[in-house]
Amino acid sequence: MGKLVIVGTVAYDAIETPFGKTDKILGGAGTYIGLSASNFNVDSAIVSIVGGDFEQKYLDLLSSKNIDISGIEIVKEGKTFFWSGKYHNDMNSRDTLITELNTLEHFNPVVPEDYKDAEVVMLGNLHPLVQSSVLDQMTTTPKLVVLDTMNFWMDIALEDLKNVIKRIDVITINDEEARQLTGEYSLVVAAKKIHEMGPKYVVIKKGEHGALLFHNEQMFYAPALPLAEVFDPTGAGDTFAGGFAGYLAKTGDVSFENMKNAVIYGSALASFCVEKFGTERMENLSHSEVQKRLMQFKHLTQFEIELT
């Protein structure tokens, strides 16, 4: 079993969708990645920062999933990162209502000693300099480094982002971000350009339309499972990344063929995340539910064809 280091926000969210709204609830990229990866019983640690207002019950929840929380810094006199957003009727677009960086503004990640030799590093969506500083702390070269980012960093820290992209193996971004990063409309051409920046593998997430995996001239497409109800898309991309990284940490196989499986696992777990608000669905997910969902994915995409 491989070690997995997860770097990302542990936060509070307040969410409004056409199906309802919440007060402050548990959120953050690191949280979603960790809960998703915990389905593989890997030896994982979250590196993050919270304020004195962060409830102990949420730290206990993460610990109960066998996630090492010693890398979560608690600033007693500070406040936890807070994000509030409202989703439109299509559930694909949203408006950010409030962003309070709070303790995150001065976050200097410290990787726990026991995880500086981790085989897999999952760099959640944070400032590229923060992501780089984590790689600088690793005492051995990780077998796999996965990076998630967003258009915000492309707007304000493009050179820093390009520098950290040179050091990673896999990048996970959405289609809009892939186009912005490369200036190419075709995702196939965009993936080639991103390959040239450093990553061996490019994962382009297309929300309700699934995900694409690129490696050299090879391509793989995983659909998103059509769901009767989508309550809250928050954290779906991070849940995908956690499933992807967690599966690879468990199997230790970073070949293109096994990455296909990782994409399917990531997609399957993300399909649970959107069924309830926040982390609620991911907190009590059973092994049998995941297995059943994986079979649904298999039946959705598997067919025999007779060539005429």
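Trainee: What does the side chain of H215 reach at 3.0 Å?

Mentor: In this predicted model, the side chain of H215 reaches the backbone oxygen of K200 at 3.0 Å. A polar contact needs a pair of N or O atoms within 3.5 Å, and the 3.0 Å between H215 and K200 meets that distance limit.

Trainee: Why is H215 called buried?

Mentor: Buried means under 20% relative accessible area, and H215 has 14%, so the word applies. You will find H215 in strand β14, residues 211-215. Leaving aside neighbours within four places in sequence, H215 is in contact with H195, K200, Y201 and F256.

Trainee: What makes S84 count as buried?

Mentor: The reasoning goes the same way: S84 has 8% relative accessibility, so S84 counts as buried by the under 20% rule. S84 belongs to strand β8, residues 82-87. Beyond its neighbours within four places in sequence, its contacts are A14, D95, T96, L97 and I98.

Trainee: How do you know that the reach of helix α8 is close to the expected one?

Mentor: Helix α8, residues 236-251, has 16 residues and reaches 23 Å from its first C-alpha to its last.

Trainee: Why is α8 described as largely enclosed by the rest of the structure?

Mentor: Because 13 of its 16 residues are buried.

Trainee: Which residues make the nonpolar surface patch?

Mentor: V188, V189 and M219 make that patch of about 230 Å². Of these, M219 sits in strand β15, residues 218-222.

Note on methods:
Residues numbered from 1 in each chain as written. Predicted model: local features only at pLDDT ≥ 70, side-chain atom pairs only at ≥ 80, totals over all residues. Heavy atoms only, no water. Patch = residues over 30% accessible without salt bridge, like charges linked within 9 Å, V, L, I, M, F, W, Y side chains within 5 Å. Areas by Shrake-Rupley, 256 points an atom, 1.4 Å probe, with all protein chains shown as cover. Salt bridge = Lys/Arg side-chain N within 4 Å of Asp/Glu carboxyl O. Helix = DSSP H or I, 4+ residues; strand = E, 2+ residues; numbered from the N terminus. Expected span 1.5 Å × (residues − 1). Buried < 20%, exposed > 50% of the residue type's maximum accessible area, 1.4 Å probe, protein only. Polar contact = N/O pair within 3.5 Å; in protein donor to acceptor, adjacent residues only side chain to side chain. Contact = heavy atoms within 4.5 Å.
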